[in-house]
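Let's walk through this structure together, from its overall layout to a few of its side-chain pairs. Please keep the sequence and the 3D view side by side as you read.

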Amino acid sequence: MATRIPDKPAGSYGVDAIAVPVLLSLPALALLAMTVANIVQSAPAWVSLLSGAGALVLAGSALTYWNTTLGGKFRAWAAILDSLSLRGDERSLDLGCGRGAVLIATALRLPGGHATGIDLWRNQDQTGNSPEATRKNAELNGVADRITLDTGDMTRLPYEDASFDLVTASVSIHNIPSTDGRMRAVSEALRVLRPGGRLVIADISRTGEYVAVLRDAGADVTTAPAGLQMQWGVLRTTIVQARKSPRS
C-alpha cells in the first residue's frame, strides 16, 4: 500500500510576512486589556463595547492569519497538488519557494521527477528564509536528491523555454511592486512551461492581471477562491490555474 503523503511536510517553515500578524496581534491584546479596564472601572457601556468590538475584529484577523501561515496553506496546497493527478515524473518549478512549503510538497509527489525552487531569499517575506533552511527541510522529507535551489528573479528566469511541466507560485508574485514586473513574471512562467504544461498561482491580490496575461497568451484559465485555509487576516486568496496552449 502506498504511503500517504502528509498535508504538511516535515520541517520548519517560518512565518509569512511576520510583521503583519504581529501588528494584528499586539493591538488586539491592547484593546482587550482596555476593554477589561473599562469594565472594571465602570466606564460607559458604549466605550467597553467599542473597544471590545475592535479587539474581536483584530483578534479574529490575527487568528485567521496565524492559522493560514502555520497550517492552512499546507492543507490547501496539498489538495491543489492532488487535484492535478500528477504522473510522478514531471519537472516542476516553484516561484518564490521560500523554505519549501510548496516545493517540497510537490517533490513528494514526483518520485521519478524533479522540483526546482527559485527565490531572492528575503527574510521580510518569510522568517528564516534561506537556501540552507530549505535544504534542511528537503532532507527531512527525503527529497533532497530531487530538488534544485536557485537564487534569482522571477521576472527574468534563468531557464530555457519549455523546461517544466508544472510551475507554481504561492503568494509571491504580488510582492513585485510594479504592474509591468508582475506581468513579466507571469509571462516568464508561461515561457518556461512546455506546451500543455500547467501553471498554478495562489495570491491575495493582482490576480486579475495574471488572468489577463494568461488569456492574452492563449492559455486556458480558471479561478477559484481558496477559502478560509488560505485567508490572511481579511485578505482572501484566489487560485489561478492555467494550461499552456499545446500549440505554443
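**A guided walk through the model**

At 24% relative accessibility, R191 counts as partly exposed; here buried means under 20% relative accessible area, exposed over 50%, and partly exposed in between (1.4 Å probe, protein chains only). Its salt-bridge partner is E188, with side chains meeting at 2.7 Å, N to O; a salt bridge is a side-chain nitrogen of Lys or Arg within 4 Å of a carboxyl oxygen of Asp or Glu. E188 counts as buried, at 14% relative accessibility. Because R191 and E188 are three residues apart in helix α5, about one helical turn separates them.

Before going further, a word on what you are looking at. This is a predicted model, in which local features need pLDDT of at least 70 and side-chain atom pairs count only at pLDDT 80 or more, while totals for chains, interfaces and linings use all residues. Residues are numbered from 1 along each chain as its sequence is written, and side-chain values use heavy atoms, leaving out hydrogens and water.

Now step back to the whole chain. It has six helices and seven strands, where helices (H or I, at least four residues) and strands (E, at least two) are DSSP runs numbered from the N terminus. Along the sequence they follow the pattern α-α-β-α-β-α-β-β-α-β-α-β-β. The C-alpha atoms fill a box of roughly 70 × 40 × 35 Å, taken along the principal axes. Of the 248 residues, 50% count as buried.

What lies inside? The largest nonpolar core has 27 residues, and those with the most contacts inside it are L93, L95, V167, I173 and L214. Such a core is a set of buried Ala, Val, Leu, Ile, Met, Phe, Trp, Tyr and Cys residues joined through side-chain atoms within 4.5 Å. At least two residues each come from β1 (91-95), β4 (164-170), α5, β5 (193-203), α6 and β7 (238-243). Beyond its neighbours within four places in sequence, L95 is in contact (heavy atoms within 4.5 Å) with residues including I118, M154, L157, V167 and A189.

Let's return to helix α5. Its 13 residues should span 18 Å at 1.5 Å a residue, and its end C-alpha atoms are 18 Å apart, which agrees; the expected span is 1.5 Å times one less than the number of residues. The buried residues of α5 are G181, R182, A185, V186, E188, A189 and L190, and what covers them includes β1, β4, β5 and α6.

One of those buried residues, R182, has 2% relative accessibility. The side chains of R182 and E209 meet in a salt bridge at 2.8 Å, N to O. This pair links distant parts of the chain, with R182 in helix α5 (residues 179-191) and E209 in helix α6 (residues 207-216), 27 residues apart.

How many salt bridges does a search of the whole structure find? The count is eleven. Among them, R109 and D82 pair through their side chains at 2.8 Å, N to O. R109 lies in the loop between α3 (101-108) and β2 (114-119) and D82 in helix α2 (residues 45-83), so the pair ties together parts that are 27 residues apart in sequence. R109 counts as buried at 9% relative accessibility, whereas D82 counts as partly exposed at 48%.
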